[in-house]
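Let's take a friendly walk through a protein model, one piece at a time. Have the picture ready so that you can follow along.

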Amino acid sequence: MTRAEALQVVRTANPAGLAAVLELNQAKQYDNLENTELLEDSEPWQARQPIPACQKVFSLPLEMLPDCLQDWLHDTARLACSPLEMVASNALCALSGVIGASVTVQARAGFYVTPNIWGGAVASSGSMKTKLLNDAIAPLRHLEKQAAHDLETLNEDAELELSQAKKQLDLLEKRYTEKKAPRGEVIPTLEAVKAARQEVRRLENAKPTERTYTTTNCTHEALGMLLQDNQKGMTVIRDELAPFVASMNRDDMAEARGFFNAAWDGSTSYTYHRVGRGKVRLERVCVAICGMIQPKLLDELIARMLADPMQNDGFLQRFQVLVYPDNYLKWIPPEQQTPANKYALERVIKVAIRLNNLEQNGTDGSLEPRLLKFSSEAQPEFNQWHDTLERRIRPGGDLATDSAFKSWYAKTKSLCVSLAAIFHLCDLADQDRAWGDDLEPISLDALLMALDWSDYLEQHAKKIYALELNPDQTAAHTVAKLIEDKKIRDGSTLRDVKQTNRNISSIIDRGVYTLEQLGWLRIEETRATGKLDGRAKEVIRLHPDLKGGE
C-alpha cells in the first residue's frame, strides 16, 4: 500500500484499511502524517458563500437635533471627519447632566421620569474618540470655569464677612470686660458676646463649596459625598467605558452597582453608613454618564454577559444612547475645511447656562424639582407609542422572551420621555424665556423628535446586541475580521486562536463553524509526529482565496 492510499483509507475510516495503516506505521514505512499531505489530498475547494450582512445603521440626520445644537455639533463632527452621532450622543448625555434632578417629568398617571441619560459611542482606536468626547462636553467645561470663578468671589466675600464678625466680637468682648461703652451706647451683655462668638464659629464652618459638574474617576462613596453638595446631580465622563462597565460585574462591586443603578433612575434616595463619616443620606441620586468604547471591548462585554446570566442584570442596557456608527467620513485636513462657527458654541453655552439655572430650592434649602408635563397635543401621541411598547414586551408580544436586547428596549419608555424633555428645555433655553413656577409643557415637535431618536437608537442597539440576536453571522464576521487582520492564518490551530482571544472563545467556536459551512475554511485533525493514536490537533485550513489574508 502506498502512502497516499493509506491516507485515503484514514479519511474514509475503513477499518481494514486503518489496520493496514497501523501496520505500516509500526514497520516505520513512513514517519508521520504531515498537515501538508492532508491538504494536498483533500477534496477541491468550492466557491465561498458570502456572510449575511450585519445590522447596518444610517448616519444621524441633522434635523433630528434641536436648532440650537445643530451648527455646533455639525462643525464638531465635520472638522473631525466623524459621524454626527459620535459627538451628538455624548453631548445629549452631558446636557442631561446639567438638567439633572432639577426637573421631573410626569409622562402619564403614576409614571415620572428624571431626564437623566447614559450613553456614548462605539469607536475604534485612532478615530479621535478623546477629542470628540472633549468637544461634546465643552458646555460643561465652561460651567466648571464659571463655578471656579464664582467660588473665588464667594471666598473673598466670606473672608470679608468673617473678618468683620471677628472685629465685632473683639469690640464686644473688650467693652464687656472693661464695662465701658461710648456715650450713647450700652455695655454689651454676656448673651450678646456669646451670640457674637457663635456667629464667628458659624462663619468659620460655613465655607463656600464649589459647584461640581463632572468627574472622571472616583469611587461610588466619593461620588456620594460630592452629591451631598451637588443635589441636582453630576456627569461621569469616561474616555473608555469598558473597564467601568466590567468592574460593575465583580462580586466586590455589588454595592457600587446598586448605587449607580439608583443614580441612573435619578430620583431614588440612597443611604450608606461609614466609619468616621456616620450616616450619609442622599434624598436623590442623579448621575449622567458619557464616554467611548472600542468595538472589541464591547464584544467581550456582550459575550461575557450572554455566557453568565449573573452579569446580565441590565447594567449595560442602561447605556441607552449608545451609538455604533457605520459610515466614517473621508479624511479632509482641517486646513482645507471651512472654520467652525464660533458663535455656534457660544449659543450652546448660553443654553447650558440657562439649563443650569433651572435649579430651585424649597424652603428648607433642599432641591425642589420642577414638574414638567406633555402638552395636550403631545400626550395622546406618547400614550399610543407607550401602549405599543408595553404590548411588545408583555406575554404575546414579539419581545416577550427575556433577552439582553429586550432589557434595553424596555428601558426606552423612560429614554423617550428624557429625550423629549431635553429637546424641549433646550428650545426654551435658546429662546431665553424666564423659568416660571410652571414650566411650559413639552411640545409635540420635541416628542416627535424623541420618538425618531428611539427608532434610530433601536437600530444601533440591534447592532450592539447582534451577538444575541444573530449569533451565527455575528460570530462569522468576528472570525472573518481575525482572518483579515492575519490573526488567523492557514495552519493555525483552533486552540491557539482561542487562547489568544480568550474572552471571545465561544464566539470563535461559533464563527469557525459558520464559516466552515460557508466554505471559508476547514477544520482538519493532525496528530503528533509518528503517533496516530496521540492527541489530535484541530488545524484551521483557509480557502485558497484567503491564504494571503484578503
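In what order do the strands of the open sheet with mixed pairing stand? The order is S2-S1-S10, which makes this a sheet of 3 strands. Keep in mind as you look that this is a predicted model.

At the edges you will find strand S2, residues 111-113, and strand S10, residues 370-373. Each of these has a single partner strand, so one side of each is left without a neighbour in the sheet. On average, neighbouring strands here are turned by 30° against each other, if direction is ignored.

## How the strands pair

In general, the strands of a sheet pair through backbone hydrogen bonds, and they can do this in a parallel or an antiparallel way. Here, strand S1 covers residues 103-108 and runs parallel to S10, with 4 bridges joining the two.

Which strands does helix H14 lie across? Helix H14, made of residues 378-393, lies across S1 and S2, and it runs at about 70° to S1.

Helix H16, residues 412-430, also packs on the sheet. This helix touches S1, S2 and S10, and its direction makes about 55° with that of S2.

Now look for Lys406 in helix H15, which spans residues 404-410. Is Lys406 buried or exposed? Its relative accessibility is 13%, and buried means under 20%, so Lys406 counts as buried. The side chain of Lys406 has a polar contact of 3.4 Å with that of Asp402. Setting aside neighbours within four places in sequence, Lys406 is in contact with Ile393, Leu399, Ala400 and Thr401.

Your next stop is Ser505, in helix H21 (residues 505-517). With 24% relative accessibility, Ser505 counts as partly exposed. How far apart in space are Ser505 and Glu300? They are 205 residues apart in sequence, yet their C-alpha atoms are 9.7 Å apart.

## The whole chain

Stepping back, you can find 21 helices and 12 strands in the protein chain. The chain has 550 residues, and 47% of them count as buried. Among its contacts with a separation of 6 or more, 74% are between residues 24 or more positions apart.

Finally, the accessible surface of the protein chain is about 27,900 Å². Carbon and sulfur atoms account for 49% of that surface.

Conventions. Residues numbered from 1 in each chain as written. Predicted model: local features only at pLDDT ≥ 70, side-chain atom pairs only at ≥ 80, totals over all residues. Heavy atoms only, no water. Pairing = 2+ DSSP bridges. Axes fitted to C-alpha atoms, helices over the stretch in contact; angles between N-to-C directions. Contact = heavy atoms within 4.5 Å. Buried < 20%, exposed > 50% of the residue type's maximum accessible area, 1.4 Å probe, protein only. Areas by Shrake-Rupley, 256 points an atom, 1.4 Å probe, with all protein chains shown as cover. Polar contact = N/O pair within 3.5 Å; in protein donor to acceptor, adjacent residues only side chain to side chain.
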